Amino acid sequence: MVDESLYAYMRLQLVLTSSRFHRYLYDRVNWSARMVAITGARGVGKSTMVLQHLKEQPADCKYLYVSADHTYFSTHSLVEVADEFSKESGGLLVIDEVHKYSDWSRQLKQIYDTHPDMRVIFTGSSVLDIMDGVADLSRRVLQYTLYGLSFREFLELFHNIKAAKYTLDEILAGKAQIEGLLHPLPLFRQYLSEGYYPFAIEGDFPMRMQNVITKTIESDIAQYAEIKAATAKKLKKMLAVVSTLAPYKPNADRLASEIGVSRNSVPEYLALLEKAQLIGQLRDDTGGMRGLGKVEKVYIDNPNLMTVLSGGKADIGNMRETFFYNQMRVENEVISSRQSDFVVDGRTFEIGGRNKGKRQIENLENAYVVKDDIEFAQGNTIPLWAFGLNY
C-alpha cells in the first residue's frame with residue numbers, strides 16, 4: 001500500500017491550491033501523454049499547475065501527487081511508490097520537484113517501462129537536462145518549459161483584469177489593448193518591479209527573491225552540475241557582476257578576473273546561469289538553428305530579478321531591453337541585430353523611452369521603435385507594455 005502520509009500530504013496541497021487562474025501553458029500541455037515534464041525556474045508556478053490539473057480530474061481517476069523532497073524519500077524510492085500505487089490501480093502519478101531525487105532519470109525510465117498503464121507527470125528545475133540525463137528519456141517524455149508571468153498574466157492574477165493575448169502581428173498593427181484599463185503604465189511599472197513571479201503576491205518580494213537566487217545556485221545548479229560550495233559561491237559572484245553590467249557583450253577575460261576563475265570556465269558558468277533562468281544570452285543568426293549562434297549580449301533574465309540584484313536601482317534603459325527580450329522569447333525567435341537592438345521573426349526593433357528617435361532604423365524595412373512611457377501605437381512606433389500581452 002502507498003503510505004498514508006503521502007496521501008495526507010497530497011490532500012493538503014490540493015486544498016491549498018486555487019483553480020481561479022491558469023497559466024498560459026496549461027491548455028498547451030498534452031496531459032494525456034504517458035510521460036510529461038514541466039520544467040522552469042523556481043517560483044514560476046510549476047507545482048500549482050500540476051495540482052490544478054489533478055483537481056480537475058474525473059471522479060473515477062485514481063491519482064497520486066508526491067514531492068521528491070518529502071522526507072519519505074530519504075528511505076524509499078520513486079519506483080517503490082509507483083509499484084505500490086500500481087497495485088492500487090493507480091492511473092496518474094505526479095512527481096513534483098523531481099530534481100531533488102538524485103537518481104531521478106533512471107527511476108523515471110523504470111517506472112515508464114514497467115507500468116505502461118500509468119501516466120506520469122513530473123516537474124523539475126530548469127537546469128535539468130531531461131533529454132541528456134543518465135537514462136535516455138528522449139523517446140519517452142514530452143517536455144514543456146514554464147516561464148514567469150507575462151504582463152497580461154500579472155494583470156489577471158494580481159488585479160483580476162483579464163486582457164486578451166495578442167500575436168506579434170497584432171501588436172505591431174496597434175491592436176493591443178486592455179479592456180477596462182485606460183492607463184496601463186502605473187501597473188506596468190509594478191509589473192517590472194515585482195510581477196514576474198506569482199509568489200510576489202504574498203509580499204516581502206525582495207527577501208523571497210533573494211532566497212530563490214540562493215537556492216537556485218547553491219542547491220539546484222550545485223546538485224545538477226555536481227559542483228562544490230566554492231564553485232557555487234563563484235557562480236553567485238558572477239551573477240552579481242553581470243547584474244551591474246547587463247545587458248552587455250560578454251568579456252571572458254574581465255569576468256574571469258572579477259570572479260577568480262580561468263577564462264575557459266566563463267562560458268560554462270554563463271551556460272549554467274542561463275539554464276537556471278537567472279540570465280539570458282542573446283545570440284546572433286550564425287548558428288543556423290535557434291540557440292546555437294554566437295552570444296552577442298548577456299541579460300539578467302527578467303526585470304524583477306534586475307530590480308532585486310540592483311537593490312531597487314536598476315537602470316531604466318537596461319530594464320526596457322530586458323523586458324522586451326524576456327517577453328518576446330517565449331513565443332518568438334529573438335536574435336541580435338547588427339543595426340539595432342533585436343530582430344524578432346525578421347523584424348528589427350529599437351527599444352527606448354518616450355523621446356527615442358528613428359535614426360537607427362530609418363533605412364531598414366520591417367523596423368519598429370518600441371517606446372516606454374507611451375500608451376498608444378502610432379505607425380511603426382509601438383508602446384513597450386503591449387509586448388507583455390504576447391503570452
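1. Sheet. This predicted model holds an open sheet of 5 strands, ordered β2-β3-β4-β1-β5. The pairing is parallel. β2 and β5 (142-146) are the edge strands, each pairing on one side only. From one strand to the next, the twist averages 15 degrees.

2. The β1/β5 pairing. Strand β1 (residues 35-40) runs parallel to β5, and 5 bridges join the two. A37 has Q143 of β5 as its bridge partner.

3. Helix on the sheet. α2 packs on the sheet and touches β1, β2, β3 (92-96), β4 and β5. The direction of α2 makes about 165 degrees with that of β4.

4. Largest pocket. The space in the largest pocket is about 1,200 Å³. Its lining has 39 residues; G43, S47, T48, F199 and E202 lie nearest the centre. By type, the lining divides into 13 nonpolar, 14 polar and 12 charged residues.

5. Where the lining comes from. At least two lining residues each come from α1 (4-16), α2 (46-55), β2 (63-67), β4 (119-125) and α8 (205-225). α2 gives the largest share, 6 residues. α2 is also the helix that packs on the sheet.

6. Helix pair α9/α11. The axes of α9 (residues 229-245) and α11 (residues 266-275) come within 10 Å. They cross at roughly 80 degrees, so the two helices are roughly perpendicular to each other. On the α9 side, the contact is made by T231, K234, L235, M238, L239 and V242. V266, Y269, L270, L272 and L273 make it from α11. The contact residues divide into 9 nonpolar, 1 polar and 1 charged.

Methods
Residues are numbered from 1 along each chain as its sequence is written. This is a predicted model: local features need pLDDT of at least 70, side-chain atom pairs count only at pLDDT 80 or more; totals for chains, interfaces and linings use all residues. Side-chain values use heavy atoms; hydrogens and water are left out. Axes are lines fitted to C-alpha atoms, for helices over the stretch in contact, and angles run from 0 to 180 degrees between N-to-C directions. Helices (H or I, at least four residues) and strands (E, at least two) are DSSP runs, numbered from the N terminus. Angles under 35 degrees count as roughly parallel, over 145 as roughly antiparallel, 65 to 115 as roughly perpendicular and the rest as oblique. Contact means heavy atoms within 4.5 Å. Ala, Val, Leu, Ile, Met, Phe, Trp, Tyr, Cys and Pro count as nonpolar, Asp, Glu, Lys and Arg as charged, and the others, Gly among them, as polar. On a 1 Å grid over the protein atoms alone, a cavity is a set of points where a 1.4 Å probe fits but cannot get out, and a pocket is an open set with protein on both sides within 12 Å along at least five of seven lines; lining residues have an atom within 4 Å of a point. Grid points are joined across faces, edges and corners, and a volume is the space filled by probe spheres set on the points. Two strands pair if DSSP finds at least two bridges between them.
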